[in-house]
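Please read them with the structure open.

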Amino acid sequence: MGKTVTFSFNSTKYEGIEATETFTFEKLGIDEGMDDKALQKVIDEILHAWVWDNLNISYSIVINKDTSR
């Protein structure tokens, strides 16, 4: 079995809001030979996507520019 990474989160505010999953590098499409800095960046990006998918978060930002000036 190759290298694995485990993602987990829990809410400090809401009881029962938590998840943990372990993935192989192969399943995530991560090259095991990557240097540490590149590996950390890729894993951080995957973690953020995983957390957002599990929490089903969506958002929008609307910036209104005052054109009356």
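1. Accessible areas here come from the Shrake-Rupley method with a 1.4 Å probe. By that method, the chain has an accessible surface of about 6200 Å². Carbon and sulfur atoms hold 48% of this surface. Keep in mind that this is a predicted model.

2. Overall layout. The chain contains 2 helices and 2 strands. Reading from the N terminus, the order is β-β-α-α. The chain has 69 residues, and 16% of them are buried. Consider next the contacts with a separation of 6 or more: 33% of them join residues 24 or more positions apart.

3. The strand pair. Strand S1 covers residues 4-10, and strand S2 covers residues 18-24. How do S1 and S2 pair, and over how many bridges? The sense is antiparallel, and the bridges number 7. Within this pairing, Phe9 sits opposite Ala19 of S2. Thr22 also lies in S2. Its C-alpha is 4.1 Å from that of Thr6, although 16 residues separate Thr22 and Thr6 in sequence. Beyond its neighbours within four places in sequence, Thr22 touches Thr4, Val5 and Thr6.

4. Which residues of S1 are on the covered face? They are Val5, Phe7 and Phe9. The uncovered face carries Thr4, Thr6, Ser8 and Asn10.

5. The core. The largest nonpolar core has 11 residues. Val5, Phe7 and Phe9 belong to it, as do Ala19, Phe23, Phe25 and Ile30. Leu39, Ile43, Trp50 and Val51 complete the list. S1, S2 and H2 each contribute at least two residues to this core. H2 gives the most, with 4 residues.

6. Phe9 in detail. Leave aside the neighbours within four places in sequence, and Phe9 contacts Ile17, Glu18, Ala19, Trp50, Val51, Asn54 and Leu55.

7. Leu55 is in helix H2, which covers residues 36-55. Is Leu55 buried, partly exposed or exposed? Its relative accessibility is 35%, so Leu55 counts as partly exposed.

8. Val42. This residue is also in helix H2. Val42 is partly exposed because its relative accessible area is 24%, and the cut-off for buried is under 20%. Leaving out neighbours within four places in sequence, Val42 contacts Ile30 and Met34. Asp31 is 11 residues from Val42 along the chain, with 10.0 Å between their C-alpha atoms.

9. Gly29. Where is Gly29 placed? Gly29 lies in the loop between helix H1 (25-28) and H2. Gly29 counts as exposed because its relative accessibility is 66%. From Gly29 to Val42 the C-alpha distance is 9.9 Å, across 13 residues of sequence.

Methods: Residues are numbered from 1 along each chain as its sequence is written. This is a predicted model: local features need pLDDT of at least 70, side-chain atom pairs count only at pLDDT 80 or more; totals for chains, interfaces and linings use all residues. Side-chain values use heavy atoms; hydrogens and water are left out. Buried means under 20% relative accessible area, exposed over 50%, partly exposed in between (1.4 Å probe, protein chains only). Two strands pair if DSSP finds at least two bridges between them. A nonpolar core is a set of buried Ala, Val, Leu, Ile, Met, Phe, Trp, Tyr and Cys residues joined through side-chain atoms within 4.5 Å. Contact means heavy atoms within 4.5 Å.
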